[in-house]
Amino acid sequence: MSAVEHRPVAAGLDARGAVRAPRDRVPAAPVAEARVDLGAVADNVGLVARSTDAGVMAVVKADGFGHGGVRTARAAVAGGAGWLGVTSGAEALELRAAGVTAPILCWLTAPAQDFRAVIAADVDVAVSTVPHLRSVAEDAARLSTRAVVQLEADTGLSRNGARPGDWCELVAAARRLERRGLVRVRGIWSHLAHADRPWHPGVDEQRRLFDELVGQARAGGLDPELLHLANSAAALGHPGTHYDLVRAGLAVYGVEPVAGRVFGLRPAMTLCARLINAKRVPAGTGVSYGHRYTTAAAGALGLVPLGYADGVPRAASGSAEVWVGGARRPVAGLVCMDQFVVDLGGGGAATGDEVVLFGPGDRGEPTVLDWARWARTNPHEVLTGIGGRVPRRYPRAAGAPRG
């Protein structure tokens, strides 16, 4: 048997639901994979860049929203991103270790952690409190260097960032440490609370408060060169929030960030698998745990080797669909840890046939937005939930432009 051959698999079903002869081979491909179009990543960044006079920070945290942090960072820079945004110092250091030299901001760190490696790697650290700032400055002193920081203001999200009542104290501490040569305040920034509704009145309220806090910082002696507030939705839908940088997260990966509006982004990930079993069943067949799903007519069921341990949302059971055999088919019953069943109806299908859970939608297949709606969550959770058991494949070279 040659390297590309496989032993015969179980018989499939023809278009009438009858058993058809087994195949001699199945495609030499994994039973499940996430295909990542890095050209789409580069193009999406380019689209955001053309929508603003500000620079673009591509957010590549959480392993590039599940697409691969290093690869998407390179593609984003090739597409025009001048900055990269990550959550942790570890994510920033992974990019540096891979040879990524673009400016990086990491924005979720603890005051007591060791910042020396991050400072030495020329990574900007976001700080929100005086103790946090002092910790960064102390580690800079240990290295006999100066740390570059960006002060985060809480303008209404009530998450991280300094509240207006604590802002002047943080500004004063930062200015003292600047004078001592231990820190440099490169930027001031904040997060929008209404992340997917750039027209919400609260966005302009946050913008006005942000301007006020920046004014206080300048009056306190700071001279930040970078101001940034906008996320993907605001980057594409509210020019008044753009300042010096826009932070594009979801848009980088091709998911439209504003409900009801299409900006021309292209989804970069296609999640697919192959049927590992196909069988005929009579009408009234209960499927999966608890038999919450029963077949309405005689037909076929197919088994997909992906489950909630791989990031397929269990909450989407009972409403989700997949693309198989040229049509959408319903997920039958509960999504299990490692697998789920699809009702193939009377359509033809066989072991080894491809199943697309989500993709760009060009053929009519579901998109990640569909899965987010079925699971009553956001597309961020669906994308970042695709687990490590699912191999990523990159059909084109990093950053290669499409078309």
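This is a predicted model: local features need pLDDT of at least 70, side-chain atom pairs count only at pLDDT 80 or more; totals for chains, interfaces and linings use all residues.
Trainee: Thanks! Which strands make up the closed barrel?
Mentor: Eight strands close up in the order 4-5-6-7-8-9-10-11, with parallel pairing. From one strand to the next, the twist averages 30°. Strands here are DSSP runs of E with at least two residues, helices are runs of H or I with at least four, and both are numbered from the N terminus. Two strands pair if DSSP finds at least two bridges between them.

Trainee: How many bridges join strand 4 and strand 11?
Mentor: Four, in the parallel sense, with strand 4 covering residues 55–59. As an example, valine 56 has valine 246 of strand 11 as its bridge partner.

Trainee: And which strands does helix 7 touch?
Mentor: Helix 7 (residues 164–179) packs on the sheet against strand 7 (124–127), strand 8 (147–152) and strand 9 (183–189). Contact means heavy atoms within 4.5 Å. The direction of helix 7 makes about 150° with that of strand 9; axes are lines fitted to C-alpha atoms, for helices over the stretch in contact, and angles run from 0 to 180 degrees between N-to-C directions.

Trainee: Switching to pockets, how much space lies in the largest one?
Mentor: About 850 Å³. On a 1 Å grid over the protein atoms alone, a pocket is an open set of points with protein on both sides within 12 Å along at least five of seven lines, while a cavity is a set where a 1.4 Å probe fits but cannot get out. Lining residues have an atom within 4 Å of a point. Grid points are joined across faces, edges and corners, and a volume is the space filled by probe spheres set on the points.

Trainee: Which residues lie nearest the centre of that largest pocket?
Mentor: Of its 33 lining residues, those are Lys61, Ala195, Asn231, Asn378 and His380. Elements giving two or more residues to this lining are helix 2 (61–65), helix 9 (232–237), strand 11 (245–248), helix 10 (368–374) and helix 11 (379–385). Helix 10 has the largest share, three residues.

Trainee: What's the lining like by class?
Mentor: There are 17 nonpolar, nine polar and seven charged residues. Ala, Val, Leu, Ile, Met, Phe, Trp, Tyr, Cys and Pro count as nonpolar, Asp, Glu, Lys and Arg as charged, and the others, Gly among them, as polar.

Trainee: Which residues does UniProt list for "binding site"?
Mentor: The unreviewed UniProt entry lists Arg159 and Met337. They are spread over 179 residues of sequence and also in space, up to 32.6 Å between C-alpha atoms. Arg159 is included in the lining of the largest pocket, and arginine 159 is found in the loop between strand 8 and helix 7. UniProt positions are given in the numbering used here, feature names are shortened, and annotations may be inferred rather than shown by experiment.

Trainee: What lines the second largest pocket?
Mentor: That pocket holds about 240 Å³ of space, and among its 15 lining residues, Arg35, Asp37, Arg266, Thr270 and Pro360 lie nearest the centre. Strand 3 (32–36) and strand 12 (269–274) each supply at least two residues of this lining.

Trainee: Last one: how many cavities of 30 Å³ or more are there?
Mentor: Five. The largest cavity has about 50 Å³ of space, and strand 3 and strand 12 each give at least two residues to its lining as well.

Methods. Residues are numbered from 1 along each chain as its sequence is written. Side-chain values use heavy atoms; hydrogens and water are left out.
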